[in-house]
Amino acid sequence: MDDVLVRTELETGEAERVLALAEEARTLDGAEALSEQSLLRVRHGSEGGTARFHLRYEEGVLAGFALAERSGGEPDSAELVVAPGRRRRGHGTALVRSLLRDASMPAPGEGVPGGGPGLRVWAHGRLPAAAGMAEALGWRQVRGLLKMRMALRGADGAPVELPEAAPSAKVAEALSVRAFRVGADEEAWLRTNAAAFADHPEQGGVTLSDLRQREAEPWFDPEGFFVAEERGGALAGFHWTKVHADGAGLTDGEPVGEVYVVGVHPSWQGTGLGRLLTLAGIRHLRDRGLPWVLLYVDEENRAAVRLYESLGFEVWDADVMYAPTA
């Protein structure tokens, strides 16, 4: 059996080793090794032990790491990374087998060829090594997350012009857009987020603890977190922006912005509120003097992709989720 340690909590010093490994891989590969959610799980753990940490050591050194997130009724959602100097030694395969076993699935070659439906693994940046591993395992792509970008400065360095987004009569009469209030808006935001992303297990399942962790991050800025409030105090929608201090691969270190998440309550969908909030956040990022804005969107969400393309975004890269063939 492959020598992989599986934990629900990382031991002293392990989080730092995982973070260092992930940063080393990101620097070499030019793509994030682990998602923001996984990095938060490494630093803070998870409620109820929903995060499963897989650690692969070689000669006492951390050679690879994987994290699987459990949510009721859904396949485990996982990511893995192998240290750049220890690749092509079977560590990635060992981690995949460990993830499969932990998801109560037989690994390929261990009883049922191709495994089963209980595990899905994200690969960031369409790296050839990830695609090659998926092909070797006989896995298929089950989801794609497009990474899109838009310049906020013209060739002359001047801020770009953005489309106008006049609110519809319904929106103008019933809603006001303001900045998020820390300590007051959390519960209302969680309700709206859950309703807006009821069919999206990752975003729709954000908890108060998850939100608090993000509020404590250095990048968090409530002035860039826009909410549309109804007269009674309920939130109809929101646009949460983010600034990447390291340039997120778009610059040599100059900060860039992100359309972090846009959500609209189902009762307000189709009113133009999503476009209004999206432009409010992009305008905020442009007016901060940032050169670029990026975003992630499911490639199957054609309505959202068309909206972003109409605003000037173009596809830059993609993340791919793979799963065993049933």
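**Pocket lining and sheet of a predicted model**

Visitor: What is the volume of the second largest pocket?
Guide: The volume of the second largest pocket is about 800 Å³.

Visitor: And which residues are the closest to its centre?
Guide: Of the 29 lining residues, Leu-80, Val-82, Ala-129, Ala-130 and Met-133 are the closest to the centre of the second largest pocket.

Visitor: Which elements give two or more residues to that lining?
Guide: They are helix 1, strand 4, helix 3 (91-102), strand 5 and helix 4 (128-137). Helix 4 gives the most, with 6 residues.

Visitor: Turning to the strands, how many bridges join strand 4 to strand 5?
Guide: Strand 4 (residues 76-82) and strand 5 (residues 119-124) run parallel and are joined by 4 bridges. Asp-76 has Leu-119 in strand 5 as its bridge partner.

Visitor: What is the strand order in the sheet?
Guide: The sheet is open, with 12 strands in the order 1-2-3-4-5-12-6-11-10-9-8-7 and mixed pairing.

Visitor: Why is one side of strand 1 and of strand 7 left without a neighbour?
Guide: Strand 1 (5-7) and strand 7 (175-179) stand at the edges and each has a single partner strand, so one side of each lacks a neighbour in the sheet.

Visitor: Which strands does helix 1 touch?
Guide: Helix 1 (residues 14-29) packs on the sheet and touches strand 1, strand 2 (51-58), strand 3 (61-69) and strand 4. The direction of helix 1 makes about 95° with that of strand 3.

Visitor: And where does helix 6 lie?
Guide: Helix 6 (residues 186-196) lies across strand 8 (225-230), strand 9 (235-244) and strand 10 (256-264), at about 95° to strand 9.

Methods:
Residues numbered from 1 in each chain as written. Predicted model: local features only at pLDDT ≥ 70, side-chain atom pairs only at ≥ 80, totals over all residues. Heavy atoms only, no water. Pairing = 2+ DSSP bridges. Contact = heavy atoms within 4.5 Å. Axes fitted to C-alpha atoms, helices over the stretch in contact; angles between N-to-C directions. 1 Å grid on protein atoms, 1.4 Å probe; cavity = no way out; pocket = protein on both sides within 12 Å on 5 of 7 lines; lining within 4 Å. Points joined across faces, edges and corners; volume = space filled by probe spheres on them.
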